[in-house]
Amino acid sequence: MSEQATNSTTYREAVKMAIREALIRDERVFLMGEDVGYYGGCYAVSKGLLAEFGPERIRDTPLSESAFVGAGIGAALGGMRPIVEVMTVNFSLLALDQIMNNAATIQHMSGGQFNVPLVIRMATGAGKQLAAQHAHSLEGWYAHIPGLRVLSPATLEDARGMLWSALQDPDPVIIFENNTLYNLEGALAADAGAVDIDSAMVRRPGTDITIITYSASLYKCLDAAAALAKEGIEAEVIDLRTLRPLDDATYLASIARTHRALIVDEGWRSGSISAEISARIMEQAFYELDIPVARICSAEVPMPYARHMEEAALPQVDAIVATVKRMVGHG
Amino acid sequence: MTTQIDREHGMAQLRMMLLIRRFEEKSAELYSAAKIRGFLHLYIGEEAVAVAVMAALTPEDAVVATYREHGQALARGMSADSIMAEMYGKQEGCSRGRGGSMHIFDAATRFYGGNAIVGGGIPLAVGLALADKMRGQNRVTCCFFGDGAVAEGDFHESMNLASLWKLPVLFLCENNLYAMGTAIRYTQASLDIAAKGAAYGMASAAVDGMDVMAVEEAARIATAHLRHGNGPYLLECRTYRFRPHSMFDAELYRTREEVEEWKKRDPIDLLIRRLREVGLFSDQEMSSLEQSVTAEVEASVAFAEAGSWEPVEDLTRFVCSERSGV
């Protein structure tokens, strides 16, 4: 077996490589958003791209989320392939009207005459003490909307590969990048490229329980699974990757083997993506279950600033370990 | 008014205004007969604006309109058949019956809706113009909106963005003095909408929206400015809606006298008077024009009546594209 050539990189660099590749491969692609140009991106994702591609294709925008997201929709209708960066999911609420009432809806309202090949990227998630207006996980809200595809890259491969696939989609795609992942380091294949954006993936195989998660919580689940393995419990960890449309088959097949399911979701519990998955398991795999589905979600509180309170509000490894032990009868 | 009246053009403008008027009168009748449902917003009284502005656009230009858009759609060249069938909810309608009165779309004439979120179409127009500019196409995007939309953030954000990037957007404000049922004096600190252009470094003008020839002249000045790459343009057309806001409006917010006063400046009557003054128009011509317009409207009703319902099995179509990679 030959050694595959890899490079050491970060999640941030992987996203940048993806944007850069898209700009090189397709002249219709351009990036716009707040501080993407001269500042280099508020998370430094687009640093250097302005110098390489110029201000026509790396467009700094005014602080006008609704207008520049709407302009992205219009540009997509006009034959371009815009990548619109919104600083954080909380700010995206200023553009929610455009995303929901236009991007997700125009194809239907026009009876299929128009489609909107737009990609919106935004940061999401807590863990950096950014408090209650910068740190929520609202992916589940967007996953509620027919007409959108919602992606949640957790790995370097997906950070590198999902963007190109999203740009090939004829319809609007939102990519959520968890802000705690930008510094994630690891090896990425030198020839890493487009990945599928349809299916969930088993990130760790196991036989005793299925843990379903996405985004940064994946690493908490993998840490929990490693700790559990030392106690003889083999947890299977599934990374959803795509939150809309959900790939039911992957987690249902896993549950058919493990007969237990735990969902770990950084969103609030009520009306969450975890609630949706739980309902689907009940609808489609009720008789496979040995015990009821369990969920670990964020506490139902706006994100607090103080570190100990923020940690308490989020799903954590200890809680995952304890819940799994209880579920497999080792508690 | 110095514009030379071109008989053929004047007659075409008159016919289109009359078509919009009769089409909408018939629509109101069909609403009462429960053939058309949902919301129905009539343009009656404002016809001169759409008809004049469309004359200043080319087929390559794009149009973004509001939920009061039957007039724009007809003047842009869409068939009365496809619009009437849409309002019936039939699959022969322009949007297959998925949109209704508020969501008229047409790829063939680059008509991008039919947007029923007040101000929501304005950023789209900026984006369409951005695409044209980046692709090196000398085209204009004309965005219709009302005085109500001027209070929305999308209006101000889009004015700034379009001016900042020098995009060929014609911001076309139809100021009919009421945001649904609230008079502009209760919603705007300054009643001069055209003056807002200056705040964004944008050329602007205001024009009598009841005078089709004046609007056309103003629109041609605006589109010439746009086509020369001078950046966006704000044109305020001062007009008036003769009918209620929608079919549910009891019109408690304005007096009958006010409406009657405005009707004295009916844009159709104004043009007829002008054509008569210069001897370009006879009673006989008027009656044949009425006959031809009525026939077109009746034909659209027959087309809609004869149309078919989309199969319910198709319910979830047009959510995700059926075409593959683009």
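Me: How do helices α1(B) and α11(B) lie to each other?

Reply: Helices α1(B) and α11(B) are oblique to each other. An angle under 35 degrees counts as roughly parallel, over 145 as roughly antiparallel, 65 to 115 as roughly perpendicular, and the rest as oblique. Here α1 (residues 7-32) and α11 (residues 283-306) of chain B pack at an angle of about 45 degrees, and their axes are 9 Å apart. An axis is a line fitted to C-alpha atoms over the stretch in contact, and the angle, from 0 to 180 degrees, is taken between N-to-C directions.

Me: What should I know about the model and its labels before we go on?

Reply: The model is predicted: local features need pLDDT of at least 70 and side-chain atom pairs count only at pLDDT 80 or more, while totals for chains, interfaces and linings use all residues. Residues are numbered from 1 along each chain as its sequence is written, and chains are lettered from A and ligands numbered from 1 in the order in which they are written. As for the element names, helices (H or I, at least four residues) and strands (E, at least two) are DSSP runs numbered from the N terminus.

Me: Which residues of α1(B) and α11(B) meet?

Reply: From α1(B) come B:L14, B:R15, B:L18, B:L19, B:R22, B:F23 and B:K26, and they meet B:L289, B:V293, B:T294, B:E296, B:V297 and B:V301 of α11(B). Sorted by class, this contact holds eight nonpolar, one polar and four charged residues. Two residues are in contact if their C-beta atoms, placed from the backbone, lie within 7 Å. Ala, Val, Leu, Ile, Met, Phe, Trp, Tyr, Cys and Pro count as nonpolar, Asp, Glu, Lys and Arg as charged, and the others, Gly among them, as polar.

Me: At what angle do α1(B) and α2(B) pack?

Reply: Helix α1(B) packs with α2 (residues 47-55) of chain B at about 135 degrees, with the axes 9 Å apart. The pair α1(B) and α2(B) is therefore oblique too. On the α1(B) side you can pick out B:Q13, B:M16, B:M17, B:I20 and B:R21, and on the α2(B) side B:E47, B:A48 and B:V51. This contact of α1(B) with α2(B) has five nonpolar, one polar and two charged residues.

Me: How many residues bring chain A and chain B into contact?

Reply: The contact involves 36 residues of chain A and 38 of chain B. On the chain A side, α3 (65-77), α5 (96-103) and α6 (106-109) each supply at least two residues. Helix α3(A) gives the most to this side, with ten residues. By class, the side of chain A that touches chain B has 14 nonpolar, 19 polar and three charged residues.

Me: Is α5(B) mostly covered or uncovered?

Reply: Mostly covered: twelve of the 13 residues of α5(B) are buried. A residue is buried if 20 or more other C-beta atoms, placed from the backbone, lie within 10 Å of its own, exposed if 12 or fewer, and partly exposed in between. Among the buried residues of α5(B) are B:I122, B:P123, B:L124 and B:M134. After α5(B) comes B:G136, whose phi is positive, near 70 degrees.

Me: Which residue other than glycine has a positive phi in chain A?

Reply: One is A:R241, with phi near 65 degrees. You will find A:R241 in the loop between β11 (235-239) and β12 of chain A. With 25 C-beta neighbours inside 10 Å, A:R241 counts as buried. In chain B, B:R110 is not a glycine either, yet its phi is positive, about 55 degrees. The loop between α4 (80-88) and β2 of chain B holds B:R110. B:R110 is buried, since 21 other C-beta atoms lie within 10 Å.

Me: Where can I find a cis peptide bond?

Reply: In chain A, one joins A:R244 and A:P245, with omega about -5 degrees. A:P245 sits in the loop between β12 (242-244) and α10 (248-258) of chain A. In chain B, a cis peptide bond joins B:G113 and B:G114, with omega about 25 degrees. B:G114 belongs to strand β2 (residues 111-115) of chain B.
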